[in-house]
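Have a look at it first, and then we'll start with a single residue.

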Amino acid sequence: MRAVGRTVAGVGGDDDREWRERQRRAVRAHAAADERARAAEQAEAAELVAWFAAEAGRRGLRTTRLVARSYDGRSRYRTRLTGWYVDRARSRAVDTEGRFHLLTVPASVRSRLFRANPQPDPAPLVVGRGGRDGESIPLRDLLHRRLAAGDDWD
């Protein structure tokens, strides 16, 4: 009996290498599909944000100087950004150039003295998705609500 030198199908040898290569290809294909979906979502959200800024400007909605908060929420920092807050917490905004901002920054003395400089963020199609409180809203609905409220929103 020479069963000792044999390999079990799928373990070791060429079968194992082929299986690992198929797995690698499947993982790469899945990652590429996720990236394409994420890019399409970000492009659609960017169009909504640009539309909102143009529509808010066309309607003459009053802009405001945007303020950022530290991650821990204890400090507020002036920014050079002008635009519209789109949520009551004033943590998300659209600037006059049609860019979306999450208005949270690291706490720093430099920001206190020279203003914070929050960079634009990719807008999500669903605001609050995955948050702990379970409250989420489609970006389109959030922006339409903000436009409908006009200057009385504050």
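In which helix does Glu-41 lie? Glu-41 lies in helix 1. Before going further, a word on the ground rules: this is a predicted model, in which local features need pLDDT of at least 70 and side-chain atom pairs count only at pLDDT 80 or more, while totals for chains, interfaces and linings use all residues. Residues are numbered from 1 along each chain as its sequence is written, and side-chain values use heavy atoms, with hydrogens and water left out.

Back to Glu-41. This residue is partly exposed, with a relative accessible area of 26%; here buried means under 20% relative accessible area, exposed means over 50%, and partly exposed is in between, using a 1.4 Å probe and protein chains only. Leaving aside residues up to four places away in sequence, Glu-41 touches Pro-124, Leu-125 and Arg-129, where a contact means heavy atoms within 4.5 Å. Its C-alpha atom is also 9.5 Å from that of Pro-122, a residue 81 places away along the chain.

Now zoom out to helix 1 as a whole. It covers residues 13-59, which is 47 residues, and it reaches 69 Å from its first C-alpha to its last. That is close to the 69 Å expected at 1.5 Å a residue, the expected span being 1.5 Å times one less than the number of residues. Several of its residues are buried, among them Leu-48, Val-49 and Phe-52. What covers the buried residues of helix 1 includes strand 2, strand 3, strand 4 and helix 3. Just after helix 1, Gly-60 takes a positive phi of about 75 degrees.

What else does the chain contain? In total there are 3 helices and 7 strands, both taken as DSSP runs numbered from the N terminus (helices are H or I with at least four residues, strands are E with at least two). Along the sequence they follow the pattern α-β-β-β-β-β-α-β-β-α. Of the 154 residues, 29% count as buried.

5 strands form an open sheet in the order 4-3-2-1-5, with mixed pairing; two strands pair if DSSP finds at least two bridges between them. At the edges are strand 4 (100-102) and strand 5 (104-105), each of which pairs on one side only. Strand 1 (residues 64-70) and strand 2 (residues 76-85) run antiparallel and are joined by 5 bridges, with Val-67 standing opposite Arg-78 in strand 2.

On we go to strand 3 (residues 92-95), which is antiparallel to strand 2 and joined to it by 3 bridges. Here Trp-84 stands opposite Val-94 in strand 3. The hairpin of these two strands has 6 residues between them, and Arg-90 there takes a positive phi near 60 degrees. Strand 3 also pairs with strand 4 in the antiparallel sense over 3 bridges. That hairpin has 4 residues between its strands, and Gly-98 in the turn has a positive phi of about 80 degrees.

Let's finish inside strand 2, where Thr-79 lies. Is Thr-79 buried or exposed? It is buried, with a relative accessible area of 0%. Its side chain reaches the backbone oxygen of Leu-66 at 2.6 Å, and a polar atom of that side chain lies 3.1 Å from the backbone nitrogen of Leu-81. Not counting residues up to four places away in sequence, Thr-79 touches a set of residues including Arg-65, Val-67, Arg-115 and Pro-118.

How values were computed:
Polar contact = N/O pair within 3.5 Å; in protein donor to acceptor, adjacent residues only side chain to side chain.
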